Amino acid sequence: MNHEIIMLSLFLVVLCSVVSLCAAVWLRRESDNLDDILFYRKKDYSEDEVKDYKYYGWALEIVFTFLMSIIVFQIMIPISLYISMELVRVGQAYFMIRDSQMYDEASNARFQCRALNINEDLGQIKYVFSDKTGTLTENKMEFQCASIWGVDYNGGRGSLEKDQLVHNVQIDGIVLRPKMNVKADPDLLRLLRSEKDTNEGKHVHEFFLALAACNTIVPLVTDSSDPNVRLIDYQGESPDEQALVYAAAAYGFMLIERTSGHITIDIQGERQRFSVLGLHEFDSDRKRMSVILGCPDKTVKVFVKGADTTMFSVTDRRLNLNIIRATEAHIHAYSSLGLRTLVVGMREFTASEFEQWHSSFEAASTALIGRAALLRKVAGNIENNLIILGASGIEDKLQLGVPEAIDSLRTAGVQVWVLTGDKQETAISIGYSSKLLTRRMTQILINSSSKSKDRWTCSKESCRRNLEDAILMSKKLTTVSGNEHSTRGSSGDGITSLALIIDGTSLVYILDSELEEKLFELANRCSVVLCCRVAPLQKAGIVALVKNRTSDMTLAIGDGANDVSMIQMADVGVGISGQEGRQAVMASDFAMGQFRFLVPLLLVHRHWNYQRMGYMILYNFYRNAVFVLILFWYVLFTCFTLTTAITEWSSMLYSIIYTALPTIVVGVLDKDLSRMTLLRASPKNRIFPLICFFGLPRPKKQCCHRRANF
């Protein structure tokens, strides 16, 4: 609207200039009759002695006429429109909040309008950037399978009902059991019960001990319907940790108590107390966490779990290369099924290693400057030469209606980009499940296996070559599909859709460098962009990549603290009220309970809000133009003296009651198309062209899309 205000200001200057020039011509022509002419009389006959009114001369009279014209015609600039717009936005927000189609019964969460000045911006959204975990999925993790010491234990995936295991612990006549049940693998159960002393049984023991101990979970005992039974509810920051601790409890490694200095775990009916000597929490740089335990047998062990990309780089491949290769194969299989994977490792401390770590840890913990960096360095020193115990597979199901929502958004011309921290195989599997990816799409993969700083130049050049090759391939595919499309007609069967899949390691070399332009050129040619293994700041960098190079509006949606930077970078931020707190909601412009609510927000309310606001603004412009042109026409017949033709009361009634209130009502309640029509048609984004501002008809190309949006 700022451009239109500038144009109206120029129009006002031109109008005042015309009045001044006409007044100058009239003064020169009627210079001999100015004493007694109507509307301009120079003589004052109110008293017996006739006097002259003040007359400043021809030049100054023109200047005064110009200034008076600005005062009389200033209503052309619709200052009151901003007040009307704010009232309309409040009304629109009220009906958006009360929309039952965006109410989540499961969490009892209504849609929230946290910003009242961007309702109409929803009508210009072209790009949607979405997190995966907790946004597309439920973020309710369920342990499915595990790979332990090179052996795949996934028998429980096919026997959901009969093999659910409930492990109980009896303390002082009270039975303790986990609040959630977990599917159990029969072979793994038999191994834990009857083959404890074997080499394989010891590795399984260490694996589940790591699951039960390497976390920040706090067990809470709650009542149940049976007075003799208490339920242990594991509370923690991460749903992944909760799922792993419940799995460990189901297999007989039940976390019972946690304090700042120790944890108590019931292992197959035997309560054992472990001293927590140190804990290095998960961070986005290391992508792993570790705990140092003092065991009952007087040994000190460090248990580590994290992403495979960082865990395999700190393992001792000389000791268990075959185990690592088997674990990698199992992780790939789990990821292809859409499961989230974590790798678990450990090593035993010698006395000298423990003393060295303990002194470094104490110094870093008490440092006043750079404490986080020092703790990260200490953690990196001990998280090396690990023995890989295995990997876990956790299922995170899609939310209800996600595939249909993504399909509707893409049909409406909105590009959906998914930015996730999961493995590439997991992200691709979820992409197919959510209909983000289709079998007919041609996938363009850009990966980088570089991990060391001294290979920066090589990795950057590798990324450059990959981008150039991908751009060349996309041009060829676009040309071929275009030729086929012209040959087959307008059926669209020959159009090839491209999907760009890129990992976070490649983005390290691409973002904030000259390669950004190539990435944007490639992404612009693709229908879908899927970024995997990305850090929170990289998510914001991807949004900035598009936002800084296009005038299209962007929307980011997420549910956790790691999505805040992305939400704040986008033009419109949407927070999901999920399992990971309310950080994303507090940083967002709108908040909702499920991803599928984007469909009524971006297909229904965006059309209504933008159409209402657009026509209300145009109506106010035309209303003021009519008022000003009436005054201008009256000026032509009153000797250009700027005598007002309308009284103050008439002007006030015209501006407030006769014209302002009806437009506000229309701006809040008007529905040019029904909800069902908008949802069924999946309207594409169309904005008001500039010619509509001058009252001219739309071009035929845009008129044919009138029902589509605006």
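The dialogue below concerns the packing of helices.

Guide: This is a predicted model, in which local features need pLDDT of at least 70, side-chain atom pairs count only at pLDDT 80 or more, and totals for chains, interfaces and linings use all residues. Residues are numbered from 1 along each chain as its sequence is written, and side-chain values use heavy atoms, with hydrogens and water left out.

Visitor: At what angle do helix α3 and helix α21 pack?

Guide: Axes are lines fitted to C-alpha atoms, for helices over the stretch in contact, and angles run from 0 to 180 degrees between N-to-C directions. Helices are DSSP runs (H or I, at least four residues), numbered from the N terminus. Here α3 (residues 80-97) and α21 (residues 660-669) pack at about 30°, with axes 8 Å apart. Therefore α3 is roughly parallel to α21, as angles under 35 degrees count as roughly parallel and those over 145 as roughly antiparallel.

Visitor: Which residues make this contact?

Guide: Contact means heavy atoms within 4.5 Å. In α3 the residues are S84, L87, V88, G91, Q92 and F95, and in α21 they are I664, G667, V668 and L669. By class, the contact of α3 with α21 has 6 nonpolar, 4 polar and no charged residues; Ala, Val, Leu, Ile, Met, Phe, Trp, Tyr, Cys and Pro count as nonpolar, Asp, Glu, Lys and Arg as charged, and the others, Gly among them, as polar.

Visitor: How do the axes of α19 and α21 cross?

Guide: Helix α19 (residues 598-636) and α21 have axes that come within 8 Å and cross at roughly 165°. That makes α19 roughly antiparallel to α21.

Note on methods. Helices (H or I, at least four residues) and strands (E, at least two) are DSSP runs, numbered from the N terminus. Angles under 35 degrees count as roughly parallel, over 145 as roughly antiparallel, 65 to 115 as roughly perpendicular and the rest as oblique.
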